[in-house]
Amino acid sequence: MTHAAAEAPPRNHRAEFPIFTHATYLNSCSLGALSHRARARVNEHLDQWETRGASAWYDAWWGALADLRARYARIVGAPAGSVALHPNISTALTAIAESLDYTRRPKVIVTSLDFPTVAYQWLAKSAQGVETVIVESPDGISVPPELVARAIDDRTLLVATSHVFFTSGAIQDVRALADAAHRRGALLLVDGYQAAGQVPVDVTALDVDFYCAGGLKWLLGGTGVAFLYVRPELLPTLSPRAAGWFSHREQFRFDPRALALHDDARRLEAGTPALTPVYAQLGGLEILEELGAESVRAMTMELTEDLIEQARAAGLRPKVAATPDERTGIVMLPSDDPARDVRRLADASIICDARPGHVRVSPYFYNLRDDGRAAIERLTRGR
Ligand SMILES: Cc1ncc(COP(=O)(O)O)c(C=O)c1O
């Protein structure tokens with residue numbers, strides 16, 4: 001630590017998030033809280049729109065898009081030029097689904113715990129002969145990598161699965177999956193929406209072929225902004241069957257006669273991105289960059305473990321992975337009426353979410369141990 005850093009007062013990151021002035025927010029796995037900085041960056045965009053109109057495109061807004069691609073790349077350890085912007089995970093997945101050749105290898109493997117939009121990309125192609133195989137989880141918490149490995153054969157083109165399961169918060173051993181896929185000549189796509197931000201990610205060390213995530217949850221950017229990483233060596237081998245003028249390397253020539261794609265990952269983009277989410281995301285990323293991925297993980301882990309301990313002490317049986325290393329800020333608490341319990345929490349301004357059979361409680365670095373305590377106390381009162 002430098003002398004200057006040692007003297008600087010620690011920034012109060014919780015104070016960046018106004019929701020905590022009136023609520024106990026424990027739902028970051030649905031939607032990360034809005035920060036002052038994200039709002040300030042959105043206001044900056046609105047001011048430019050108001051004062052400069054379209055003239056802001058050529059410097060400010062074009063620059064913001066390039067800045068966001070570069071910062072998304074940094075946050076997952078990806079090289080420059082390997083990240084494309086997308087409005088959500090589904091369109092990012094579609095860009096890949098529409099770029100692969102299924103002729104010799106028609107099989108795609110997903111797991112029963114992945115967010116369903118992953119499977120839907122390939123189920124939608126069943127009429128074209130794509131076979132989607134679902135590997136079932138034995139316990140509803142995780143899927144042993146050996147089970148996925150066993151399902152991969154010489155007809156498998158792709159394994160498409162989560163980094164962190166939205167259903168249980170369990171972290172998958174992505175490197176083991178990459179090795180298993182590559183051993184059989186298959187590719188690995190990872191949906192990192194529940195990971196990037198709360199868990200340090202290094203796509204190069206994980207050896208993944210495709211990785212997508214976005215602003216909605218742990219990256220604090222809100223709706224409408226996501227990204228897709230593609231391993232650089234694969235870019236020239238992909239043949240996109242979907243395109244738009246943002247995939248064209250000379251989009252301002254406005255030439256409808258020839259489609260010349262970008263060499264870099266922008267070849268997988270399509271049309272004009274929504275700028276308000278781009279600006280919100282730039283504000284959210286500033287906070288995460290300031291904290292650093294390791295310290296966000298450490299703070300979130302501490303809060304998660306404390307929450308699990310308190311839940312167990314109160315007689316609840318959280319459905320979570322076996323060891324702290326595999327767990328994240330998603331804690332599933334069994335409930336016979338999750339909607340009722342979530343309403344009871346909301347009556348006390350405690351914001352959580354309901355999933356089948358469970359109340360989902362989701363702490364992040366900006367929470368306090370007292371937030372978790374308040375939720376457990378409210379859930380178990382009068383039992
Ligand atoms: C792991 C995961 N993937 C994808 C999604 C949603 O995808 P999309 O951005 O297409 O709505 C969610 C939830 O919002 C999710 O938890």
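Which residues in H4 meet which residues in H5? This question opens a series of close-up views of a predicted model.

**Figure 1. Packing of helix H4 against helix H5.** Ser 90, Leu 93, Thr 94 and Ala 97 in H4 meet Thr 117, Val 118, Gln 121 and Trp 122 in H5. By class, this contact of H4 with H5 consists of 4 nonpolar and 4 polar residues, with no charged ones. Helix H4 covers residues 89–97 and helix H5 covers residues 116–123. Their axes are 10 Å apart, and the two helices pack at an angle of about 35°. H4 and H5 form a right-handed crossing.

**Figure 2. Packing of helix H2 against helix H9.** Helix H2 spans residues 36–52, and helix H9 spans residues 275–291. An angle of about 145° is made by this pair, and 7 Å lies between the axes. The crossing of H2 with H9 is right-handed. From H2, the contact includes Arg 37, Ala 38, Arg 41, Val 42, Glu 44, His 45 and Gln 48. The residues of the contact of H2 with H9 comprise 7 nonpolar, 5 polar and 5 charged.

**Figure 3. The two domains of the protein chain.** Domain 1 is assigned to residues 3–34 together with 292–380, and domain 2 to residues 44–287. The centres of the two domains, taken over C-alpha atoms, are separated by 27 Å. Where domain 1 and domain 2 are in contact, 30 residues of domain 1 and 21 residues of domain 2 take part. Between them the domains bury about 2000 Å², and 61% of this area is on carbon and sulfur atoms.

Figure 4. Ser 30 is located in the loop between strand E1 (24–25) and H2. Is Ser 30 buried or exposed? Ser 30 counts as buried because its relative accessibility is 18%, and the cut-off for buried is under 20%. Apart from neighbours within four places in sequence, Ser 30 is in contact with Leu 216, Lys 217, Asp 353, Arg 355 and Arg 360. Ser 30 and Phe 166 are 136 residues apart along the chain, and 9.3 Å separates their C-alpha atoms.

Figure 5. Ala 213 is a residue of strand E7, whereas Ala 196 belongs to the loop between strand E6 (187–191) and helix H8 (203–206). Ala 213 is buried, at 0% relative accessibility. Ala 196 is likewise buried, with a relative accessible area of 2%. With residues up to four places away in sequence set aside, Ala 213 touches Ile 89, Gly 192, Tyr 193, Ala 196, Ala 226 and Phe 227. The C-alpha atoms of Ala 213 and Ala 195 are 7.9 Å from each other, with the two residues 18 apart along the chain. Between the C-alpha atoms of Ala 196 and Asn 27, 169 residues apart along the chain, the separation is 16 Å.

**Figure 6. Surroundings of Thr 304.** Thr 304 lies in helix H10, which covers residues 293–313. Thr 304 is buried, its relative accessible area being 1%. Other than neighbours within four places in sequence, the residues in contact with Thr 304 are Thr 328, Gly 329, Val 331 and Pro 363.

**Figure 7. Positive phi at Leu 220 and Ser 349.** Most residues other than glycine have a negative phi. Leu 220, which is not a glycine, has a positive phi near 60°. Ser 349 also has a positive phi, of about 60°, without being a glycine. Where are these residues placed? Leu 220 is in the loop between strand E7 (210–214) and strand E8 (226–230). Ser 349 is in the loop between helix H11 (338–347) and strand E10 (350–351). Leu 220 is buried, with 2% relative accessible area, whereas Ser 349 is partly exposed, with 33%.

Notes. Residues numbered from 1 in each chain as written. Predicted model: local features only at pLDDT ≥ 70, side-chain atom pairs only at ≥ 80, totals over all residues. Heavy atoms only, no water. Helix = DSSP H or I, 4+ residues; strand = E, 2+ residues; numbered from the N terminus. Buried < 20%, exposed > 50% of the residue type's maximum accessible area, 1.4 Å probe, protein only. Axes fitted to C-alpha atoms, helices over the stretch in contact; angles between N-to-C directions. Left-handed = near helix turned anticlockwise from the far one by under 90°. Contact = heavy atoms within 4.5 Å. Nonpolar A, V, L, I, M, F, W, Y, C, P; charged D, E, K, R; others polar. Domains from an automatic or database assignment. Buried area = accessible area lost by both parts, 1.4 Å probe.
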